[in-house]
Amino acid sequence: MGSSLRRALPLLLLFVPLLGLAHDVTSADQELLRNGGLWAYVQVGATHMLTGYDHLLFLTGVIFYLNSFIDILKFITVFTIGHCITLIGATYAGITADEHLVDAVIALSVLYKGFENLGGFEKFKVKSPHLLLMVGLFGLVHGFGLSTRLQSFDMGKEQVLAKILCFNLGVEVGQVLALVPIVFIITLSRKHKQFPAFYKAVNWYLVLAGIGLFAYQMYGYL
Amino acid sequence: MTFELKFYIKYNNHYLFLLVYLISNFLYMRKLFLLLLFVLLCSHDLYIKMESYFLQPDQEASLSLYNGTFEKSENLIARDRILDASVIAQGQRRAIDPEQWKDQDSTITQLTFTTGEAGTYVAGVSTKARNIALTAENFNSYLEHDGVLDMLEQRKRDSVLGKDAVERYEKHVKAIYQVGETKTDDWSTVLGYPIEFVPQANPYEKYSGETLEVQLLLDGKPLSDQLVYAGYLKGSHAHDHAHADGEHSHKSEKTHTHTSGQQLRSNDQGVVVVQLPEDGIYYLRTIHMTRVTDSDELTHWSKWATLTFEVGHEHGPDTHTHDHDIPTWVFIVGSLLIMGVLFLIFRKKN
């Protein structure tokens, strides 16, 4: 029992940042944005990333697959560039879509990552798509999701571009804050003899969470 | 083309009929267009509009005079038209310096200011009366378009729909906004305008789903049996991202809904009960019009009033969740459970 607990500890630690900062993006954020100036946009961007479990699940899936720090840096950079493009571009241009539909596609990205990490493509004897390209593409989708959420707030008429950039900055800050413990725990867990079980458990969970979130968002849309 | 038409007229009665029909149709459309243009240009409500009515202490903010509709201002307000412009806070009434008003985009007169201490604030603007001469047709259209239905009915009853009018009109507008969290009693201040709305409770202690009683005063006395219209722009999600330089703008149709509005009639105490169904910026408007019988110049006198304020929802521990998201804690607990079970299964398998 004691050893089970020790093994389960990394899992719990993985979610400590979420538990500590759990705070849904709400009308309270709207009031903060109304009255808090540009700093409020940084704050809400960071909060949204830290509590946006769909973004974090995808990133967890990406990191699980990678072994070296250089690879992690490369993939996270591509993901960041992708989401910056759509977050800034779509918000500034006023391009938006139904939040449920966008979140449903993001849920599929989580499902995709778990499926890929479990060797799903190999099992079906299908060549898996280019990893970096897919991360970049999903980065664009996640950025559009962030943009849709940002556009659901009343941003006022002044300093619109500065507000978008500040929100984006907040998202990056939130991403770094979330990534540090995730990378740390996954790196540590690799040395553990139960890592294969942990790897499978987390990636199967990503598949299930992706399906569940997709169904939930589609239900919301319909 | 002229030759062809002459040919048709000469040789074919059917084409003659068609020609007459087209000409009369064109004239009718032109008349309709001019009438519509008149209504759009002449009937201008005046509102005090703010980007947000929830502000923080010592925050820079602006209020705009919207002369047109609540959504679009068509004209500036000349400074010499402003009889009174005041802000009431902490029990004190301060006049707004006329020099502080700035013109924006040739359609909006705007005041930039810094808020003071926390409290519920009132801003009011009263304008000088002006006269306008209208043909009977234009006058009737304006009465219908602007909801001055009692006067229109009276004209019908008196069989004077064909009479032209010279109307004196004056506008008196108020806005109530909240600075910080502290609620103060200034919302109930009567500014002493010829016509004005006075809420019977602090709008910032009301929340969506509730109602707000508002009293209408004419020359300081309750005005009963008066038509009042109340509308709102939905929610804190109201979008209008127009950049200051005008190079880009967009609106979210989903969130920027203009409601058809409530048509209310004041009771014996001059009170109307306004429904506050959703979060949003609410605006009340009324036009009180009387016939003038003792003047050679005027036939009618109207007094216009508007009131604007914003309504949010009550903040309780259960209201801070996104409408369609799973609460984060539910997601985390559920995720840990699923992953724990999966981990145990795969460990056993290994």
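**Terms tested against values**

Trainee: Why does B:Asp164 count as partly exposed?
Mentor: B:Asp164 has 13 C-beta neighbours inside 10 Å. A residue is buried if 20 or more other C-beta atoms lie within 10 Å of its own, exposed if 12 or fewer, and partly exposed in between, with C-beta atoms placed from the backbone. The value of 13 falls in between, so B:Asp164 is partly exposed. Bear in mind that this is a predicted model, in which local features need pLDDT of at least 70 and side-chain atom pairs count only at pLDDT 80 or more, while totals for chains, interfaces and linings use all residues. Residues are numbered from 1 along each chain as its sequence is written, and chains are lettered from A and ligands numbered from 1 in the order in which they are written.

Trainee: Where is B:Asp164 found, and which residues does B:Asp164 touch?
Mentor: B:Asp164 is in the loop between α4 (149-157) and β10 (165-179) of chain B; helices (H or I, at least four residues) and strands (E, at least two) are DSSP runs, numbered from the N terminus. Leaving aside residues up to four places away in sequence, B:Asp164 touches B:Leu134, B:Thr135, B:Ala136 and B:Phe139, a contact being two C-beta atoms, placed from the backbone, within 7 Å. The C-alpha atoms of B:Asp164 and B:Ala136 are 4.0 Å apart, although 28 residues separate the two along the chain.

Trainee: What makes B:Asp58 exposed?
Mentor: B:Asp58 has 12 C-beta neighbours inside 10 Å. Because the limit for exposed is 12 or fewer, that value still qualifies. B:Asp58 sits in the loop between β2 (54-55) and β3 of chain B, and has a positive phi of about 55 degrees although it is not a glycine.

Trainee: Why is A:Lys125 called exposed?
Mentor: A:Lys125 has 6 other C-beta atoms within 10 Å, so the residue is exposed. A:Lys125 belongs to the loop between α8 (120-123) and α9 of chain A. This residue, too, has a positive phi of about 55 degrees without being a glycine. Most residues other than glycine have a negative phi.

Trainee: How do you know that strands β6 and β7 of chain B pair?
Mentor: Two strands pair if DSSP finds at least two bridges between them. Strand β6 (residues 101-104) and strand β7 (residues 108-114) of chain B share four bridges in the antiparallel sense, so they meet the requirement. B:Asp103 stands opposite B:Thr109 in β7(B). The two strands form a hairpin with three residues between them, and B:Asp105 in the turn has a positive phi of about 55 degrees.

Trainee: How many bridges join β3 of chain B to β7(B)?
Mentor: Seven bridges join strand β3 (residues 60-68) of chain B to β7(B), and these strands run antiparallel. B:Glu60 has B:Thr114 in β7(B) as its bridge partner.

Trainee: Why do β1 and β6 of chain B stand at the edges?
Mentor: The open sheet has four strands in the order β1-β3-β7-β6 of chain B, with antiparallel pairing. β1 (45-50) and β6 each have a single partner strand, so one side of each lacks a neighbour in the sheet. The twist averages 30 degrees from one strand to the next.

Trainee: Why are α7(A) and α9(A) called roughly antiparallel?
Mentor: Helix α7 (residues 99-117) and helix α9 (residues 131-151) of chain A cross at roughly 150 degrees, and their axes come within 9 Å. Axes are lines fitted to C-alpha atoms, for helices over the stretch in contact, and angles run from 0 to 180 degrees between N-to-C directions. Angles under 35 degrees count as roughly parallel, over 145 as roughly antiparallel, 65 to 115 as roughly perpendicular and the rest as oblique. The angle is over 145, and the helices are therefore roughly antiparallel. The residues of their contact divide into six nonpolar, four polar and three charged; Ala, Val, Leu, Ile, Met, Phe, Trp, Tyr, Cys and Pro count as nonpolar, Asp, Glu, Lys and Arg as charged, and the others, Gly among them, as polar.
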